[in-house]
Amino acid sequence: VLVGFGRVGRRVGEALHAEGQPLLVIEQQRDHLEELRALGIETILGNATREDLLAAANVAHARALLVAIPDAIEAGRIVHATREHNPGIEIIARAHTDSGVLHLETQGANRVVMGERELARSMLAML
Ligand code: AMP
């Protein structure tokens, strides 16, 4: 299950879909729906902080949850609710601050990717 199909989630989703991995996307912006439909990716339209949407996405039986949205508070709610429904699921989340990383780990994320830290790491690796 992938939450968010913006600049980050689109790259993740397209790659997983191309690999033939089973994928369901939760995205709140209607604009992205057409693109998801064209790609043939199963999609739920709405805000993933809604527990009924997480239930409809069947997070209780999913292998992994990828939270690719920028807001750490909303992401934390999604991570927390998913962890409650599925203790064994792999949760990978996105953050943009150190406090966001800590918050998402506290809410139950296995791994948190901090965008700015990865940018810095990539720049240094190019020298
Ligand atoms: P970006 O920052 O460009 O990667 O875009 C983030 C994407 O996540 C956008 O397409 C948003 O509509 C989507 N998004 C943000 N918050 C939520 C949420 N709570 N539920 C579903 N989609 C979201």
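Isoleucine 41 is buried, at a relative accessible area of 5%, where buried means under 20% relative accessible area, exposed means over 50% and partly exposed lies in between, for a 1.4 Å probe and protein chains only. This is a predicted model, in which local features need pLDDT of at least 70 and side-chain atom pairs count only at pLDDT 80 or more, while totals for chains, interfaces and linings use all residues. Residues are numbered from 1 along each chain as its sequence is written, and side-chain values use heavy atoms, with hydrogens and water left out. Helices (H or I, at least four residues) and strands (E, at least two) are DSSP runs numbered from the N terminus.

**The surroundings of isoleucine 41**

- Isoleucine 41 belongs to the loop that lies between helix H2 (33-39) and E3.
- Once residues up to four places away in sequence are set aside, isoleucine 41 touches Phe5, Gly13, His17, Leu23, Val25 and Leu36, a contact being heavy atoms within 4.5 Å.
- Between isoleucine 41 and proline 22 there are 9.0 Å in space, C-alpha to C-alpha, and the two are 19 residues apart in sequence.

- Strand E2 (residues 24-27) runs parallel to E3 and is joined to it by four bridges, and valine 25 has threonine 43 as its bridge partner in E3.
- E1 and E2 also run parallel, joined by two bridges, and valine 3 stands opposite isoleucine 26 in E2.
- E5 and E6 run parallel and are joined by four bridges, with methionine 114 in E6 as the bridge partner of alanine 95.

**Faces of the strands**

- In a regular strand the side chains alternate between the two faces of the sheet.
- E2 is covered on both faces, with Leu24 and Ile26 on one side, Val25 and Glu27 on the other, and all of them buried.
- E6, by contrast, has a covered face made up of Val112 and Met114 and an uncovered face made up of Arg111 and Val113.
- Leucine 24, which is found in strand E2, counts as buried because its relative accessibility is 11%.
- Apart from its neighbours within four places in sequence, leucine 24 is in contact with Val1, Leu2, Glu42, Ile44 and Ala57.
- Leucine 24 and alanine 75 are 51 residues apart in sequence, and their C-alpha atoms are 17 Å apart in space.

- Two packed helices are described by the angle between their axes and the distance between the axes.
- H4 and helix H5 (residues 98-107) pack at an angle of about 15°, and their axes are 8 Å apart.
- That angle makes H4 roughly parallel to H5, a label given to angles under 35 degrees, while those over 145 count as roughly antiparallel, 65 to 115 as roughly perpendicular and the rest as oblique.
- On the H4 side of the contact are Ala72, Ile73, Ala75, Gly76, Val79, His80 and Arg83, which meet Gly100, His103, Leu104 and Gln107 in H5.
- By class, this contact of H4 with H5 has five nonpolar, five polar and one charged residues, where Ala, Val, Leu, Ile, Met, Phe, Trp, Tyr, Cys and Pro count as nonpolar, Asp, Glu, Lys and Arg as charged, and the others, Gly among them, as polar.

**The loop between H3 and E4**

- Asparagine 58 is placed in the loop between helix H3 (51-56) and E4, and has a positive phi of about 60° although it is not a glycine.
- Asparagine 58 counts as partly exposed because its relative accessibility is 39%.
- Histidine 61 lies in the loop between H3 and E4 and is exposed, with a relative accessible area of 67%.
- Histidine 61 and asparagine 86 are 7.1 Å apart in space, C-alpha to C-alpha, and 25 residues apart in sequence.

Methods. Pairing = 2+ DSSP bridges. Axes fitted to C-alpha atoms, helices over the stretch in contact; angles between N-to-C directions.
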